[in-house]
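Hi everyone, thanks for coming. Let me put the structure up on the screen, and then we'll walk through a few parts of it together.

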2 protein chains.
Amino acid sequence: MKLLARKTDVSVSEPISAINRDDALEMGVGPMDRVRVTLDGTATTSVVISDSTVPKGRIYLTANIMSKCGASDGDSVEVSYCPLPESIRSIRKKIHGGRLNREELDSIVGDIMDGTLSEREILAFVSAFNVNNADINEVADLTRAMAATGRTVDLGPGPIYDFHSLGGVPGNKITPIVVSIVASQGLTIPKLSSRAISSACGTSDFVDTFCDVELDTESLKSALEKAGGVFACGNEDYAPVGSRIIKAERPMGIDPRPVMIASIMSKKVALGTTHLLMDLPMGEGAKIPDMQAAEDFSDDMVALGDILGIKVECAVSNASQPIGRTIGPVLEARECIETLQGKGDPLVAEKACAIAGIILEMAGFDDGASMARGILSSGAALSKFREIVAAQNGDPAVEPSDLVPGGYVKDVHAKHSGYVQYVDNRSIVATAKAAGAPFDTGAGVMFIHKTGDIVEEGDVLFRIFADSKAKLDRAVESARSRRPMKVDIRPVEHDPAETIMAVFPRKG
Amino acid sequence: MKLLARKTDVSVSEPISAINRDDALEMGVGPMDRVRVTLDGTATTSVVISDSTVPKGRIYLTANIMSKCGASDGDSVEVSYCPLPESIRSIRKKIHGGRLNREELDSIVGDIMDGTLSEREILAFVSAFNVNNADINEVADLTRAMAATGRTVDLGPGPIYDFHSLGGVPGNKITPIVVSIVASQGLTIPKLSSRAISSACGTSDFVDTFCDVELDTESLKSALEKAGGVFACGNEDYAPVGSRIIKAERPMGIDPRPVMIASIMSKKVALGTTHLLMDLPMGEGAKIPDMQAAEDFSDDMVALGDILGIKVECAVSNASQPIGRTIGPVLEARECIETLQGKGDPLVAEKACAIAGIILEMAGFDDGASMARGILSSGAALSKFREIVAAQNGDPAVEPSDLVPGGYVKDVHAKHSGYVQYVDNRSIVATAKAAGAPFDTGAGVMFIHKTGDIVEEGDVLFRIFADSKAKLDRAVESARSRRPMKVDIRPVEHDPAETIMAVFPRKG
């Protein structure tokens, strides 16, 4: 049926149009059915509202739909009944408890990619695809479907190593150290990290202060050929559908495990990973609250890896307080390079060597952690680091002193004497963000004391860095109201020095 | 923080507002977090987008949010961070595979009722609450939470009988007959039906042609006291949250079983039902496709009933073609009264007596179907029907001839000789709707022949009634393109006369 298009300003997240009730009846279109709107061969679909207040012969369209089919106000467009897309039938099947095959998951993932499915529909899919309603073979098919939405890269015949942190612990600056240790032994490790989403500093945010992180596929391959490892930034080349799904999940604050692990693994599949070590930060507020959750998560990851031909191990790490002494791009970059130089907080080196050691063991070496410590103390890791920095167009001679934090500085002091009871991750991140991190690269927080330390009244607990007086004040105000560190007289019992608490699957 | 409200025309289905990124940072509000917007003590919440293009000190609000907090363009409103509502935490817990308790389900249902949850969030809940991710005790708690959103009625001490059809078969005009048979034996049966949603005629649509269907609680009680039974229209007095959930489900075309059965049972709980017979129309295109699905559905309903103190049985009925000879309000009303008078299609009487018979057996009578046939043929059902019509303010002396179908009539003829192979429910409903049903009460379809009949070329298959020439033409065109009945030379093997195929739970 030919209808006259009229633009309306209703709704952005739902593709909705409105037509007259009689026109709807004539087309056989019921309430909330879909119609196809076509102009000069360019078609788009929309969900339709029929109403007697819409004049006959008219269709009200949102700006988004108008532009999708190239229509302007007053154009005559062809409108016809459009059956539900196959992908919606598949989502319905999942909601009703059915099992989806690869073809059905392909249609869902494809329709998420090309915008046929609205965020509401993506969210319905994600909600239905929960741990009790999806088996590991479906998760594997979803993983492959997601990987197929972007490029796949052939990085050569050898085993491809990778590691991936679930996140949730601030100051986790170990990536360049781990990559350098592993690559120094001739292993291939194309590590792609991300920028901060809700944190104060992602790995790519601090690496960006001393070399390029945005590598296209050709640069990635070339850097890998030169140095054997990279610490670049993941991008939309690989399994790009993942970020669309995350966008739909965000308002609900959800990330159900089957979709989360498919999303992680889809990027590994795209890069041809053969061996993957997962870092699972465990602690209050992290995605992994306790050891049972870690083991469950590990079981799923290992089983998924088995189907996809990727050997997976999971290291449960301590997320009870930030890693090392700094939070914020420039501050973390400095601490990372200092650690490679044998300086800085020994716990950063310890976690990096533990993680790198497990990867070395996956590659067949014995006693990986000791080996990693040797590689670090010999300077071999630092040399490899400088090689990779050069391959990523950075200055290979970069020194910590080249990286200058923000010029506005303020110390936060202990109000009384005693033991530092804890550093609250969430609050300290809020303070670092209030100071401007990660956008202001010099902004952040440096710890003078951490959990378990004995302090005297008036001692400096941590130092805030900012690029402007206003942001410094804002961060100080945040620290004052949130109290990220607590001091009292009770001794602290747990050992904050433990970096890796368990590795799954447990050995023989 | 005080911000200046500015109206924007973006989005109706999501409560979204936009603020400046620095303002967001200052309030500690991240992307897609919620803020509370308050003016003169009236508060509402919205999901927030932060963007550097929004001027500092401003907040862009949709018209919907503006009106919820009573703000006008240019007003200064108080904006503050708002933690996620408990209900969203509970929905997330369900999506992550957790089990919800009554308190959590109450918070979800309450926030659906008062509009705190958007349709997207309701849809996420419904999708997560699927057969593999909800147990029967959770469904019972959801049922009770839904029942608590409206009135509950005390209809006296005696057992309260009810029956409920899952729908999907056109022409199913048995409700007043069943109610009259059951009530004639002194049993209480407050039957609430619905109007058509996507069909051509709901029970309330045809009952409305000869008596009132919209009864408030007091009228319902009074009619029940007078007559023992009613055939009224369900309304928003009882478990009103159900219709909000259905509205959110509609665009996806879903109705997951745990939510569907909770929705059905919540209205029964509100009315104090003690014995419920479910009519499960089975056939292609119906909600129950086969006997296994019927038994599964029945198992769930019976188990849910056990927890709620409602004895449930399920009758699987034949939905392979429409029930009786007519579709459309006036036509169905006529056929219903004719059946009560011992005339009309014997299959209508047969289905009504089978259903009523099971209810009579639930009440302790023997051989209910024979008993029901006796009640119908003796005229006792007709007398009770006239009593109930009077109690619902209708003319107790109503005769079929008082009900006059549309004056524009057209016959549809067989194109060749042979057996009627089938009547396609979906197509014949489309034809009746094209003729104007259910809004034009005189519009509809009357069958001269049905499945299995032998017809000669040129015989009338069915007759279309409409209130206007235009709608008649439209219906004829619909019948021409959709071909709701098919004739060919193969004999028809299945027995279209079978009305009830099984009753669950099966008797030992």
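If you want one pair to hold on to, take Y419(B): its bridge partner in β16(B) is I454(B).

Before we go on, please remember that this is a predicted model. For chain A, the mean pLDDT is 91, with 97% of the residues at 70 or more. For the complex, the predictor gives an ipTM of 0.75 and a pTM of 0.82.

β14 of chain B belongs to an open sheet of 3 strands, and the order is β16-β14-β18 with antiparallel pairing. Which strands sit at the edges? Those are β16, residues 454-455, and β18, residues 485-488, of chain B, and each of them pairs on one side only.

Now hop over to chain A. Here, too, you'll find 3 strands in an open sheet, ordered β16-β14-β18, and the pairing is antiparallel. The edge strands in chain A are β16 (454-455) and β18 (485-488), each with pairing on one side only. This time let's follow β14 towards β18(A): β14, residues 418-423 of chain A, pairs with β18(A) over 4 bridges, in the antiparallel sense. One of the partners to look for is M485(A) in β18(A), which is bridged to V423(A).

Find β4, residues 42-51 of chain A; β2, residues 16-20, pairs with β4(A) in the parallel sense over 5 bridges. Then there's β3, residues 34-39 of chain A, which is joined to β4(A) by 6 bridges and runs antiparallel to it.

What lies between β3(A) and β4(A)? The two strands form a hairpin with 2 residues between them, and D40(A), in the turn, has a positive phi of about 50 degrees.

Go to chain B and pick out α6, residues 136-147, and α12, residues 291-308. Their axes come within 9 Å and cross at roughly 60 degrees, so α6(B) is oblique to α12(B). The crossing is right-handed. Who makes the contact? From α6(B) we have I136(B), N137(B), V139(B), A140(B) and T143(B), and from α12(B) we have D300(B), A303(B), L304(B), I307(B) and L308(B). Sorted by class, that contact has 7 nonpolar, 2 polar and 1 charged residues.

Last stop: where the chains meet. 39 residues of chain A are in contact with 39 residues of chain B. Looking at chain A's side, the elements that give two or more residues are α1 (21-27), α3 (86-95), α5 (119-128) and α17 (425-434). Which of them gives the most? That's α5(A), with 6 residues. By class, chain A's side of the contact has 18 nonpolar, 12 polar and 9 charged residues.

That's my tour. Happy to go back to any of these spots on the screen.

Notes:
Residues numbered from 1 in each chain as written. Chains lettered and ligands numbered in written order. Predicted model: local features only at pLDDT ≥ 70, side-chain atom pairs only at ≥ 80, totals over all residues. Contact = placed C-beta atoms within 7 Å. Nonpolar A, V, L, I, M, F, W, Y, C, P; charged D, E, K, R; others polar. Axes fitted to C-alpha atoms, helices over the stretch in contact; angles between N-to-C directions. Parallel < 35°, antiparallel > 145°, perpendicular 65-115°, else oblique. Left-handed = near helix turned anticlockwise from the far one by under 90°. Pairing = 2+ DSSP bridges. pLDDT = per-residue confidence, 0-100.
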